[in-house]
Amino acid sequence: GPARSAGVTRGGRRTRDGRYRGATLGVGPGCRARLAVVPVSEWFERSGVRWRVAPGQTVADVLTIAELAVRRARGGSLQNLKGGRRKRLFFFDAPDGRRYVLKSNLYEGADQWRRRLTGSKSRQELDLALGVADLGIPTPVPLAIGEERRGGLLVGCWGLVPWLTDAVDLRAGVRDGLFTPAQRRRLAGPFGAFVARLQDAGIDQDDFSPNNFMVRFGSGPESPAMEFWAIDFERAKIRRTVSATRRAEHLAKLARELTRVSDSERMRFLRGYAGDRAREWWSTIAAAGVERFRSDLKRMRRTALGRGRRFAPISGEGWRGHARGHPELVPRPADLAATPEKPTRQEGLLYVPLGAEAQPDHWVVANLLYLRELAPEPLAYWRGEDGGGLVYGFGDEFRLASAEPGPGERFALRVLRGHLTALAAGQPPRVPGPYAVARGPDGQLRAFCLDPRELASTGLGAG
């Protein structure tokens with residue numbers, strides 16, 4: 001990305017009038033956006049956590065809610081929605097009937113020393129949220145942030161954020177079918193205008209994901225037709241301007257997680273975003289999407305071919321490979337009555353033979369296509385002397401595409417091959433199948449790629 005703007009600050013500082021000047025906003029002298037100078041509270045110690053309350057809040061009431069939320073999270077009565085050990089997210093229903101989001105980050109080793117210079121993520125997010133709100137962009141500002149220290153080192157932080165009642169994040173609304181087709185058509189243009197407004201304000205959000213945008217449709221004649229919010233500013237900066245290159249990267253990130261959006265919906269979005277330049281931006285985003293896919297492949301290669309929480313290498317007599325999840329639960333070649341010529345379905349699994357061409361890059365591509373909803377979940381890859389293949393999770397909702405597909409299947413296959421061609425920089429897929437089909441949450445028939453050689457053969461798999 002472009003160089004950081006001049007005048008970026010690293011730590012918050014106290015001004016002469018006793019106000020707290022926000023840090024990490026990434027803006028400098030002469031910038032249209034300004035540093036947020038807001039009256040925030042002093043630090044308050046509660047249950048081993050030092051809390052700071054956002055402006056406009058009653059300190060005693062907010063600290064009571066924050067302390068109770070942290071106590072319940074520590075006690076295990078709140079479910080960690082992130083599933084991770086160091087970055088956690090909880091929903092907390094307070095006694096007053098309101099719902100809050102409780103965020104937590106834990107720091108270990110060198111991270112503790114680094115955070116002495118940069119400050120905690122919770123403090124950064126509060127500063128950024130105040131700056132974004134100051135620019136007129138709707139965002140839920142954290143009510144309070146807390147930090148835990150031991151021996152002067154930061155070991156953890158907390159953030160208490162109000163939950164947006166009746167609002168839905170864009171990813172859940174589109175992927176899980178929470179939006180009706182009419183709602184999707186209605187919001188596409190206004191959402192494009194909201195994204196343009198965000199970037200025009202100088203907000204460079206690195207995590208430009210659809211789940212970081214919330215929408216609420218009006219429920220009464222006096223309520224707005226729809227409202228948008230931008231959330232989660234842990235990886236954002238406020239700049240003088242957001243360059244055209246960064247804007248294209250943002251939109252490519254948005255598109256990679258919304259692969260099931262129709263072309264007409266994309267064009268509605270771009271008309272709201274760029275007006276008469278919509279078709280020009282269509283081509284720009286397509287080119288940025290290919291580069292984003294290459295970058296994601298490199299990152300996925302490091303993860304899927306390594307050993308970690310989600311992936312691990314597996315091996316046996318005469319074969320070796322990789323697995324997703326718990327290696328001991330992944331089927332081995334001897335567990336499947338597989339045939340080397342065609343896909344074999346067995347007890348919720350599908351074995352797809354890749355023959356002598358099988359290579360680890362096929363496993364990498366399959367996992368990335370799964371994240372983009374273009375393939376079923378790959379569970380294992382192996383290769384031996386006689387070749388290799390992939391094992392997919394293949395529940396009852398899936399079936400193999402027919403040899404002579406009907407109109408619905410033909411349309412779904414055409415849409416899928418269009419996505420694969422776009423990801424391969426315009427090169428059509430090499431082999432015609434095999435494919436799987438299943439109905440999505442919206443009831444529409446969708447096609448899924450089962451043979452990652454279609455993309456690996458274009459050179460992307462080695463990119």
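Colleague: How many bridges join strand β22 to β23, and do the two run parallel or antiparallel?

Modeller: The general idea is that strands of a sheet pair through backbone hydrogen bonds, either parallel or antiparallel. Two strands pair if DSSP finds at least two bridges between them. Here β22 (residues 435–439) and β23 are joined by five bridges and run antiparallel. A438 stands opposite R446 in β23. Before we go on: this is a predicted model, where local features need pLDDT of at least 70 and side-chain atom pairs count only at pLDDT 80 or more, while totals for chains, interfaces and linings use all residues. Residues are numbered from 1 along each chain as its sequence is written, and side-chain values use heavy atoms, with hydrogens and water left out.

Colleague: And where do the labels come from?

Modeller: Helices (H or I, at least four residues) and strands (E, at least two) are DSSP runs, numbered from the N terminus.

Colleague: What do β22 and β23 form, and which residue in the turn has a positive phi?

Modeller: They make a hairpin with five residues between the strands, and G443 in the turn has a positive phi of about 85°.

Colleague: How many residues of β23 are buried?

Modeller: Buried means under 20% relative accessible area, exposed over 50%, and partly exposed in between (1.4 Å probe, protein chains only). In β23 (residues 445–449), five of five residues are buried. L445, A447 and C449 point one way, R446 and F448 the other.

Colleague: What sits over the ring of F448?

Modeller: For that call, NZ of Lys or CZ of Arg must be within 6 Å of the ring centre and within 35 degrees of the ring normal. Over F448 you find the charged end of R260, 5.1 Å from the ring centre. R99 likewise lies over the face of F91, at 4.6 Å from the ring centre.

Colleague: How should I read a pair of packed helices, say α5 and α7?

Modeller: Two packed helices are described by the angle between their axes and the distance between the axes. Axes are lines fitted to C-alpha atoms, for helices over the stretch in contact, with angles from 0 to 180 degrees between N-to-C directions. Helix α5 (residues 181–200) packs on α7 (residues 263–274) at about 40°, axes 7 Å apart. Angles under 35 degrees count as roughly parallel, over 145 as roughly antiparallel, 65 to 115 as roughly perpendicular, and the rest as oblique. So α5 and α7 are oblique to each other.

Colleague: How many aromatic pairs does a search of the whole structure find?

Modeller: Rings of Phe, Tyr and Trp (its six-membered ring) pair if their centres lie within 6.5 Å; planes under 30 degrees apart are stacked, over 60 edge-to-face, the rest tilted. The search gives 15 pairs. One of them is Y273 with W281, edge-to-face at 5.4 Å centre to centre and 85° between the planes.

Colleague: Which loop holds V261, and is V261 buried or exposed?

Modeller: V261 is in the loop between α6 (244–256) and α7, and is buried at 15% relative accessible area. V261 and R184 are 77 residues apart in sequence, yet 9.1 Å apart in space, C-alpha to C-alpha.

Colleague: What about phi at D166 and E373?

Modeller: Neither is a glycine, yet phi is positive: about 65° for D166 and about 60° for E373. D166 is exposed at 66%, whereas E373 counts as buried at 17%.
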